[in-house]
Every structure is written in structure tokens, then in C-alpha cells.
Amino acid sequence: MFDWEDLLVAFALYLILEGLMPFLSPPAFRSFVQRLSALPDNSIRNTGLVVMLIGVALLYFVR
């Protein structure tokens with residue numbers, strides 16, 4: 001059966017990791033977002049695909 005607690009734990013960890021950079025170094029985060037917004041859509045899309053595939057592979061090996 002699907003365990004909602006695992007999903008909530010994963011989401012909480014995601015939020016913690018996403019908040020680290022803006023909390024620790026707002027200027028570096030702002031610079032990163034500015035550089036990211038200048039990239040073409042295909043580069044952002046390809047990066048997203050690679051990150052998702054890494055996540056799926058990691059989940060496969062952990063589970």
C-alpha cells in the first residue's frame with residue numbers, strides 16, 4: 001500500500017534542500033537565478049530531464 005508519510009518526508013526534505021541556497025547566500029542565489037533566466041529553454045529542459053533521470057535512478061537503487 002502507498003504510504004503517504006514517505007511522500008511527506010520526501011517533500012519536506014525537498015523543501016529543506018531548496019531553501020538552503022537562498023538562506024545561506026542570497027546574493028549567490030540571486031546571481032544564479034539571473035544566469036538561469038538567460039539560458040535558452042532547451043538547455044533548461046535538458047537539465048531538468050537529466051536531474052529527473054538521476055532522481056529516478058537513485059530511487060530505483062534505494063528502493
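**Reading the pockets**

A: With the largest pocket, which holds about 350 Å³ of space. A pocket is an open set of points on a 1 Å grid over the protein atoms alone, with protein on both sides within 12 Å along at least five of seven lines. Points are joined across faces, edges and corners, and the volume is the space filled by probe spheres set on the points. This is a predicted model, in which local features need pLDDT of at least 70, side-chain atom pairs count only at pLDDT 80 or more, and totals for chains, interfaces and linings use all residues. Residues are numbered from 1 along each chain as its sequence is written, and side-chain values use heavy atoms, with hydrogens and water left out.

Q: Which residues line the largest pocket?

A: Lining residues have an atom within 4 Å of a point. Here they are Asp6, Leu7, Ala10, Gly55, Val56, Leu58, Leu59, Val62 and Arg63. Two or more of these residues come from each of α1 (4-24) and α3 (41-62), and α3 gives the most, with five.

Q: How is the lining of the largest pocket divided by class?

A: Ala, Val, Leu, Ile, Met, Phe, Trp, Tyr, Cys and Pro count as nonpolar, Asp, Glu, Lys and Arg as charged, and the others, Gly among them, as polar. In this lining, six residues are nonpolar, one is polar and two are charged.

Q: What lines the second largest pocket?

A: Its space is about 260 Å³, and the lining consists of Tyr14, Leu17, Glu18, Met21, Pro22, Phe29, Thr47, Gly48 and Val51. The largest share, five residues, is from α1. The classes are six nonpolar, two polar and one charged.

Q: How many helices and strands are there in the chain?

A: Both are DSSP runs numbered from the N terminus: helices are H or I with at least four residues, strands E with at least two. The chain has three helices and zero strands.

Q: What is the radius of gyration of the chain?

A: The radius is taken over C-alpha atoms, and the globule rule is 2.2 Å times the number of residues to the power 0.38. The chain has 15 Å, whereas a compact globule of 63 residues would have a value near 11 Å. The C-alpha trace spans about 45 × 30 × 15 Å along its principal axes.

Q: Why does Ala57 count as partly exposed?

A: Buried means under 20% relative accessible area, exposed over 50%, and partly exposed in between (1.4 Å probe, protein chains only). Ala57 is partly exposed because its relative accessibility is 31%. Ala57 is in helix α3.

Conventions. On a 1 Å grid over the protein atoms alone, a cavity is a set of points where a 1.4 Å probe fits but cannot get out, and a pocket is an open set with protein on both sides within 12 Å along at least five of seven lines; lining residues have an atom within 4 Å of a point.
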